[in-house]
Amino acid sequence: MKLSTFNASQSPDVINLFTKVFSDSEGQDEGETISRLVSELIITTDEHDIVGFVAILEKELVGCIFFSRLILPSEKIAFILSPVAIATDQQGKGIGQQLIRHGIEYLRIKDIDFVFTYGDPNFYSKVGFQQINEDIVKAPFKLTQPEGWLAQSLQSGVIDAMVGSSVCVKALNKQEYW
Ligand SMILES: CC(C)(COP(=O)(O)OP(=O)(O)OC[C@H]1O[C@@H](n2cnc3c(N)ncnc32)[C@H](O)[C@@H]1OP(=O)(O)O)[C@@H](O)C(=O)NCCC(=O)NCCS
């Protein structure tokens, strides 16, 4: 399997992958919602504020992940992981964890301080995320599942409490995603 940086020519395949995976796992409405989110992320996000990675197996796109900038109320630099999808028939083989680790290592080398995500702590704890209280870092929106607010430090520092809210990119800037 080959892991590489996402490039815009892969957009149609990537959007299809997210639509199909989320329709399979959570129903057609969720598939369409994620499809819109990914299209908007690709189109509206400045190239300095987004990075994606793809997993290719025998010339087939089997996984994709995006990280976009999360502006913190401090001098620290952060990205948020969202969304990620592994082809339905390839799930549970370790590809998701491999792709996430690959992306995180890229961000670490680029001197990014922290990575956040919002999802299932049981899964994301396998790739270094821990639950973070909003007293430490406030999410951009009111969280429907505060236990899903997760973060990890990529350099040596701990994540100190910050005053003020974080700000996500335009595509994620909707209450429905939080
Ligand atoms: C969630 C997802 C990205 C994980 O990728 P994957 O390649 O299937 O996962 P891996 O094989 O690397 O890891 C499997 C482990 O994670 C757990 N896991 C897999 N999917 C999970 C999920 N949706 N929730 C919680 N845990 C999950 C499995 O129990 C397994 O644990 P084990 O190794 O202790 O048995 C993938 O299953 C997927 O695309 N799911 C549908 C879309 C989705 O839910 N995306 C995440 C939200 S943005």
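A pocket is taken here as an open set of points, on a 1 Å grid over the protein atoms alone, with protein on both sides within 12 Å along at least five of seven lines, and its lining residues have an atom within 4 Å of a point. Grid points are joined across faces, edges and corners, and a volume is the space filled by probe spheres set on the points. The structure is a predicted model, in which local features need pLDDT of at least 70 and side-chain atom pairs count only at pLDDT 80 or more, while totals for chains, interfaces and linings use all residues. Residues are numbered from 1 along each chain as its sequence is written, and side-chain values use heavy atoms, with hydrogens and water left out.

We may begin with the second largest pocket, which has a volume of about 280 Å³. It is lined by 15 residues, and those closest to its centre are Leu 17, Glu 60, Leu 61, Ala 87 and Asp 89. By class, the lining of the second largest pocket holds six nonpolar, three polar and six charged residues (Ala, Val, Leu, Ile, Met, Phe, Trp, Tyr, Cys and Pro count as nonpolar, Asp, Glu, Lys and Arg as charged, and the others, Gly among them, as polar).

The largest pocket has a volume of about 1100 Å³. Among its 38 lining residues, Phe 22, Glu 26, Val 84, Tyr 118 and Tyr 124 are the closest to its centre. Two or more lining residues come from each of α1, α2 (28-44), β4, α3, β5 (114-118) and α4, and the largest share, seven residues, is that of β4. This lining divides into 18 nonpolar, 14 polar and six charged residues.

And what takes up the space of the largest pocket? The ligand does, where sitting in a pocket requires more than half of a molecule's atoms to lie within 2 Å of its grid points. Two or more residues of the shell around the ligand come from each of α1 (11-26), β4 (77-86), α3 (95-109) and α4 (121-124). In total 17 residues surround the ligand, each with a heavy atom within 4 Å of it, and the closest are Gly 92, Gly 94, Gly 96, Gln 97 and Lys 126. Eight residues of this shell are nonpolar, six polar and three charged.

A polar backbone atom of Val 84 is 3.1 Å from a nitrogen atom of the ligand. Oxygen atoms of the ligand take part elsewhere: one lies 2.8 Å from a backbone N or O atom of Ile 86, and a backbone N or O atom of Lys 93 lies 3.1 Å from an oxygen atom of the ligand. The protein covers 65% of the 850 Å² of accessible area that the ligand has on its own (Shrake-Rupley method, 1.4 Å probe).

Two backbone details complete the picture. Most residues other than glycine have a negative phi, and most peptide bonds are trans. Ser 82 and Pro 83 are joined by a cis peptide bond, with omega about -10 degrees, and Pro 83 lies in strand β4. Glu 58, in the loop between β2 (50-57) and β3, has a positive phi near 50 degrees.

Notes:
Polar contact = N/O pair within 3.5 Å; in protein donor to acceptor, adjacent residues only side chain to side chain. 1 Å grid on protein atoms, 1.4 Å probe; cavity = no way out; pocket = protein on both sides within 12 Å on 5 of 7 lines; lining within 4 Å. Helix = DSSP H or I, 4+ residues; strand = E, 2+ residues; numbered from the N terminus.
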